[in-house]
Every structure is written in C-alpha cells, then in structure tokens.
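Subject: Structure handover

Hi,

Here is the structure for you to look over. My notes follow below it.

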Amino acid sequence: MSFPERPRAVITGAASGFGRAVALRLASRRGRLVLGDIDEAGLDETATLVREAGGEVRTARCDVRVPDEVEALAVLADEAFGGTDILVNNAGVAVAGPIGDVTLEDWRWQIDINLWGVIYGCHFFVPRMREAGRGYILNVASSAGLLCVPEMGPYNVTKAGVVALSETLYGELSGSGVRVSALCPTFFRTNIHKNARSSKPENQEQAAKLVTNAKWSAEQIADVALAALEVGELYVVPQTDGKVLWRAKRMLGQRFYGVLGRLSKSQRLLDLVTR
C-alpha cells in the first residue's frame with residue numbers, strides 16, 4: 001500500500017520547521033493539505049509555498065491543547081477534500097531542567113501540547129480512517145522518548161507517551177489498512193528551541209546550539225519519515241546517533257542510565273550527539 005495520488009493530509013505545527021517540510025514534500029505530490037498552527041503568519045507563508053509547489057491547501061488556526069480546534073481540522077478536511085489520508089501530529093514544544101526545578105506550570109504546558117495534542121489528533125482521526133479502511137498516521141515523537149536523557153524530564157515523558165500511543169495504535173489497527181509510525185529523531189535544524197522553556201538558562205543555550213548546528217535538516221528528516229510511513233515502519237529513527245544509543249539501551253538495560261548520567265554531567269553526551 002502506498003500513498004494515494006494527490007494525498008489528502010492534515011498537519012499540525014505546520015507554520016515552520018518539520019511541519020512545513022512535510023507539507024512541501026506532500027505538495028510536490030500535488031497533495032491536498034489542511035494545515036494548522038497557532039502562528040498564523042507562518043501558516044500563511046507555508047500555504048503560499050505549498051501552492052507554489054503544486055499543492056492545494058486550507059489553513060486554520062489550531063491550538064492543539066484545545067480538542068475542538070483539533071477536531072475542526074478533521075471537519076475541514078472532510079468538507080474540503082472528502083477526508084484525510086495522512087495525519088501528521090507534529091506540533092510540539094520543549095521544556096528542560098531537573099525534576100523538582102521545572103515548574104508545574106511548565107510541566108502542564110509541555111504535556112498539554114506534546115502529548116494531549118497527539119491524543120486529540122488520534123482520537124478524532126482514527127475512527128475516520130478505520131471506517132475508510134485506509135490511512136497513515138505519523139506521530140512526531142523523539143529519540144528522547146526512547147532514551148530519556150537527564151534534565152529533560154517533561155520532554156521525555158511526553159515523547160515516551162507518544163511512542164506508547166503509537167505502539168498501542170499499531171496493534172489496535174493491525175489489519176485495518178491504517179498504518180502508524182512514531183518518528184524519533186535526535187537533533188535536526190528546526191525552530192523548536194525558539195519557544196523552549198528551561199529552569200536553567202545554560203540548557204536553553206545548549207539546546208539552541210544543538211539545533212542550529214545539527215547536520216540534519218528538517219527536509220531530510222521529512223524525506224525519511226514519509227518513506228518509512230508509506231511502507232509501514234512503526235519506529236522511525238533517522239540518525240545514526242539515535243540508532244546507536246537506542247541499541248545500547250537495549251543491550252545494557254539499567255546500566256545504560258548510569259552511563260548516560262555520567263556522560264551528561266561531563267558534557268560528553270552533547271559531543272556524542274552532535275558528531
């Protein structure tokens with residue numbers, strides 16, 4: 001099973017970064033897209049680029065913390081294009097800092113966007129796809145959801161939740177014609193650091209450097225993600241560093257986190273993931 005001709009897709013967090021990159025890749029297939037984001041100016045820019053690339057587009061301001069606004073994307077796709085072939089649950093933010101230092105307000109902000117936003121997307125789109133007998137769901141998680149790096153508790157929890165949700169859906173939808181993938185990249189060039197929150201200013205500075213100096217672009221990640229989604233891969237881990245660390249975790253078990261903690265304290269972990 002491959003993507004249909006002129007695929008109908010809904011993408012959250014489409015105003016920039018990975019969401020925009022996926023939109024443009026699907027536009028090159030003459031895709032019909034519904035794009036959502038809270039950044040309406042950025043959303044308009046993406047829509048213009050999609051049209052220039054050959055796609056058809058509708059946009060809607062969407063705060064993924066609000067279930068009615070996520071459901072409205074599904075309704076818009078139904079009305080404009082007769083349904084949704086591909087759902088990309090992409091909207092996300094980052095919170096860093098030691099557990100106990102990160103405020104509860106920041107915990108809620110992180111969970112509401114990164115986890116509840118994906119839950120809402122799956123809640124409203126899965127029944128539609130199941131009834132249609134086909135569809136593709138790309139849930140944007142992170143290698144943080146597989147590896148749980150120190151001082152990234154809120155981010156790790158939400159991304160691990162996205163992985164768990166994707167695994168659950170993969171089992172539930174087996175044989176239904178609906179495919180599910182969890183995207184788990186390490187650092188790549190995007191805009192997530194611009195709205196990041198941290199209880200330690202040095203964490204924000206490090207994150208900005210890791211993102212802006214990353215070797216992989218959002219477009220490269222989008223290419224890998226869409227190719228994996230189309231063939232039905234559950235775990236999509238694009239970069240070598242993520243693959244190596246995930247393999248090490250499975251081999252070492254709990255010892256992995258002792259090593260990870262020591263590497264993190266010595267800054268050697270940052271050197272490893274930015275090679």
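Helix α4 (residues 104–132) contributes the most to the lining of the largest cavity, giving three residues. Keep in mind that this is a predicted model.

As background, a probe the size of a water molecule, rolled over the atoms, shows where empty space is left.

Next, helix α1. It spans residues 17–27. Nine of its 11 residues are buried, so the rest of the structure largely encloses this helix. The cut-off for buried is under 20% relative accessible area. The buried residues in α1 are G17, F18, G19, R20, A21, V22, A23, L26 and A27.

Now the surface. Which residues form a nonpolar patch there? They are M251, L252 and V259. Together they have about 260 Å² of accessible area.

L252 belongs to helix α9, which covers residues 240–252. Its relative accessible area is 32%. Why is L252 classed as partly exposed? Buried means under 20% and exposed means over 50%. L252 has 32%, so it counts as partly exposed. Patch residues need over 30% relative accessible area, and L252 has 32%.

Best wishes

Conventions: Residues are numbered from 1 along each chain as its sequence is written. This is a predicted model: local features need pLDDT of at least 70, side-chain atom pairs count only at pLDDT 80 or more; totals for chains, interfaces and linings use all residues. Side-chain values use heavy atoms; hydrogens and water are left out. Patches are made of residues with over 30% relative accessible area and no salt bridge: like charges are joined within 9 Å, nonpolar side chains (Val, Leu, Ile, Met, Phe, Trp, Tyr) within 5 Å. Accessible areas come from the Shrake-Rupley method with a 1.4 Å probe; for residues, only the protein chains shown count as cover. A salt bridge is a side-chain nitrogen of Lys or Arg within 4 Å of a carboxyl oxygen of Asp or Glu. Helices (H or I, at least four residues) and strands (E, at least two) are DSSP runs, numbered from the N terminus. Buried means under 20% relative accessible area, exposed over 50%, partly exposed in between (1.4 Å probe, protein chains only).
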